[in-house]
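I opened this entry to look up how the inside of one protein chain is put together. My notes are kept in the order in which I looked.

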Amino acid sequence: MNHSFSQFGLLIFLLMPFLLSCEKEDDGFFTPQVIYQPPAPTDTSFTVEAPCLTVSCAGQSMTFSAGSADLAMEFFASYDILRPATTWGALKSAIIVVHGNNRNANEYYSWMINAVLSMNQQDETIVIAPHFKTSDDIGGNQNLVYWSSNGWKRGFQSSNITSEKISSYTVIDSLIRHLSDKEAFPFLENIILTGHSAGAQFTHLYAAAGAAEDEVAGVDVSYVVANSQYFFYPGNERWDGSGFTVPSGCNAYTNWPYGSESPIAYLSGVSATTIRERFVSRNLTYLMGTLDIFTGGTLNTTDCAAVLLGENRFRRGELMFDYLNAFFASTHIHQKEIVNNVGHDAAQMYNSTKGVEVLKALLTD
């Protein structure tokens, strides 16, 4: 019996290289399954669970009171973050990733999960992908909160027929405040808000407008703006080809979302000085793909306020950073990071070597 077992073991050993060669090659954009349980902390009062790494188990919702009605905001998350009376002792960081114009929160969730897996941070990091819906997405269900197609990007109030409206920025405020609750997340220290394209516009504007960061303690909030075409400027100057000057002939170029004039309802009572100080002081990284230089498609080249920002997305990001260095060199803490040979592609941006490097540095800082 022992002799036969040894022969069988030898056969398996000899066949192992062949068996391994039959595995399917990783294409870099898979959605892996959970096949392990993270180790439990010594304090058994903490809840420790394996993360949900697929959209099939990640769907959740949060509720907002809107006068006579409650409205549900749907999102994906790798942990059941709203579960009552739960203390998540293993979680140290969170990434809130905002989808682009197509509102494909499910895909953004999967792309960010892949990035977190490549860092081996899935047991310590919550990935959250909110779904900012429009009327096209709710199927007539007025119990779901929704916005206009541009409104969700710019912090406008919701479009539901309710006595109270909800700014899309209020959603992020609520998430940041909840993640900062030390009873639920005692060791969570870092929160990243990031978005690509329209989600990058959302992130950049929230960095200027968002109130929650100044209200919470014990967490560091950072922002990663990937391939945006719109940028908030805290001053009146724009690039004229040779320097930053105050332009003429474009009457609304300092109105929100390009500047702090004519602000949204969310910013009611907040001065332009406060908005500027919030924006300049926040930990913001511009993640820019060198091939995002296409001048067609959805790039806004007709509105004068957008044209003043630059000729393409990559150039607009460069000019935004140059502007900060020209007028706020001693006070701003923004950073610029270049992703070589990548264009307007969220999956490639977040899963590039540079994209992963930026996210990991912010998670483990």
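**Ground rules.** I am working with a predicted model, in which local features need pLDDT of at least 70, side-chain atom pairs count only at pLDDT 80 or more, and totals for chains, interfaces and linings use all residues. Residues are numbered from 1 along each chain as its sequence is written, and side-chain values use heavy atoms, with hydrogens and water left out.

**Whole chain.** I looked up the secondary structure and found ten helices and ten strands; these are DSSP runs numbered from the N terminus, helices being H or I with at least four residues and strands E with at least two. Of the 365 residues, 50% count as buried (under 20% relative accessible area with a 1.4 Å probe, protein chains only; exposed is over 50%, partly exposed in between). I then took the contacts with a separation of 6 or more, and 70% of them join residues 24 or more positions apart. Contact here means heavy atoms within 4.5 Å.

**Cores.** Which residues have the most contacts inside the largest nonpolar core? They are Ile126, Phe279 and Tyr286, in a core of 75 residues. Helix α5 (residues 198–209) gives the largest share of this core, eight residues. I noted a second, separate core of 32 residues, with Met119, Val224, Ala346 and Val358 among them. A nonpolar core is a set of buried Ala, Val, Leu, Ile, Met, Phe, Trp, Tyr and Cys residues joined through side-chain atoms within 4.5 Å.

I listed the contacts of Ile126, leaving aside neighbours within four places in sequence; they include Tyr79, Leu91, Leu179 and Phe185.

**Helices α4 and α5.** The axes of α4 (residues 168–179) and α5 come within 11 Å and cross at roughly 70°. The two helices are therefore roughly perpendicular to each other (65 to 115 degrees; under 35 is roughly parallel, over 145 roughly antiparallel, the rest oblique). The axes are lines fitted to C-alpha atoms, for helices over the stretch in contact, with angles from 0 to 180 degrees between N-to-C directions. From α4 the contact takes Ser168, Tyr169, Ile172, Asp173 and Ile176, and from α5 Phe202, Leu205, Tyr206 and Ala209.

I checked Ile172 of α4 separately. Ile172 is buried at a relative accessible area of 0%. Beyond residues up to four places away in sequence, Ile172 touches Ile96, Phe132, Leu193, Phe202 and Tyr206.

**Rings.** I found 23 aromatic pairs. Rings of Phe, Tyr and Trp (its six-membered ring) pair if their centres lie within 6.5 Å; planes under 30 degrees apart are stacked, over 60 edge-to-face, the rest tilted. Phe132 and Phe202 form a tilted pair, 5.0 Å centre to centre with 40° between the planes. Phe132 sits in the loop between β4 (125–130) and α3 (151–154), and Phe202 in α5, 70 residues apart.

Why is the pair of Tyr169 and Phe202 edge-to-face? Their planes are at 80° and their centres 5.2 Å apart, so the pair is edge-to-face. This pair ties α4 to α5 across 33 residues of sequence. Tyr169 is buried at 0%, and Phe202 also counts as buried at 0% relative accessibility.

Last, I noted one aromatic cluster, whose members include Phe132, Tyr169, Phe202 and Tyr206.
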